[in-house]
Amino acid sequence: MRTATITRNTSETQITVSLNLDGTGKARFDTGIPFLEHMLDQIARHGLIDLDIVCKGDLHIDDHHSVEDIGITLGQALKAALGDKIGIRRYGHSYVPLDEALSRVVLDLSGRAGLEYHIDFTRATIGKFDVDLFSEFFHGLVNHAMITLHIDNLRGKNAHHQAETVFKAFGRSLRMAVEYDERMAGKMPSTKGTLTA
């Protein structure tokens, strides 16, 4: 089982993330940010990743530090759980619709951090959640998981739908990329012989 538990403590947040890449989509969250938890649940359920995230952050200021640091810690856990990456598919992609919204996510477990993030949200907040924070979340995740990630919301009028299609597509892309490929058994999916930076 490819699992990891990472604890990250700063003066702004105290976070523990546990994940199992070979799970069934079970999820438990205690972050104080309900809409983010709804999005993280999409990653778990559609990625078939067991995910447990506890965050105590300075929400009296705003959600920024907690959202960014959850992305960072999740990225660290993902990197740790992936291990040497031998035998995995490496690449993942998914298109996900939700009513009028459609998003595409493509990723490479490359060992190199890179994010192309293209979402033109139709409003600035979803409930009380600032949609600008999604960019901070994915930047933190990418920079610490060391993956290349392309996110494109292709269309959408409802900001909730836009966000949900992105997180569902990310979960499905991640599920594809971390899967073992029988034809790659014992092999590194790279001509360099490594998937580290």
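From the N terminus on, the secondary structure elements of the protein follow the order β-β-β-α-β-α-β-β-β-β-β-α-β-α. Four helices and ten strands are thus assigned in this predicted model. The radius of gyration is 16 Å, close to the 16 Å given by the globule rule for 197 residues, so the protein is as compact as a globular protein of that length. Along the principal axes, the C-alpha atoms fill a box of roughly 50 × 40 × 30 Å. Of the 197 residues, 52% count as buried. Among contacts in the protein with a separation of 6 or more, 76% are accounted for by residues 24 or more positions apart.

Helix α2 spans residues 64-82 and helix α3 spans residues 132-145. The two helices pack with their axes 7 Å apart, at an angle of about 25 degrees. Because angles under 35 degrees count as roughly parallel, α2 and α3 are described as roughly parallel to each other. The crossing of α2 past α3 is right-handed. On the α2 side, the contact is made by His64, Val67, Glu68, Ile70, Gly71, Ile72, Leu74, Gly75, Gln76, Leu78 and Lys79. These residues meet Leu133, Glu136, Phe137, Gly140, Leu141, His144 and Ala145 in α3. By residue class, the contact of α2 with α3 divides into nine nonpolar, six polar and three charged residues.

Helix α2 also contains Ser66. The relative accessibility of Ser66 is 0%, and Ser66 therefore counts as buried, the cut-off being under 20%. With residues up to four places away in sequence left out, Ser66 touches Thr13, Ile15, Ile33, Cys55, Gly57, Asp58 and Leu59.

Thr7 is eleven residues from Ser18 in sequence, and the C-alpha atoms of Ser18 and Thr7 are 8.7 Å apart in space.

Note on methods:
Residues are numbered from 1 along each chain as its sequence is written. This is a predicted model: local features need pLDDT of at least 70, side-chain atom pairs count only at pLDDT 80 or more; totals for chains, interfaces and linings use all residues. Side-chain values use heavy atoms; hydrogens and water are left out. Axes are lines fitted to C-alpha atoms, for helices over the stretch in contact, and angles run from 0 to 180 degrees between N-to-C directions. Angles under 35 degrees count as roughly parallel, over 145 as roughly antiparallel, 65 to 115 as roughly perpendicular and the rest as oblique. A crossing is left-handed if the near helix is turned anticlockwise from the far one by less than a right angle, and right-handed if clockwise. Contact means heavy atoms within 4.5 Å. Ala, Val, Leu, Ile, Met, Phe, Trp, Tyr, Cys and Pro count as nonpolar, Asp, Glu, Lys and Arg as charged, and the others, Gly among them, as polar. The radius of gyration is taken over C-alpha atoms; the globule rule is 2.2 Å times the number of residues to the power 0.38. Buried means under 20% relative accessible area, exposed over 50%, partly exposed in between (1.4 Å probe, protein chains only).
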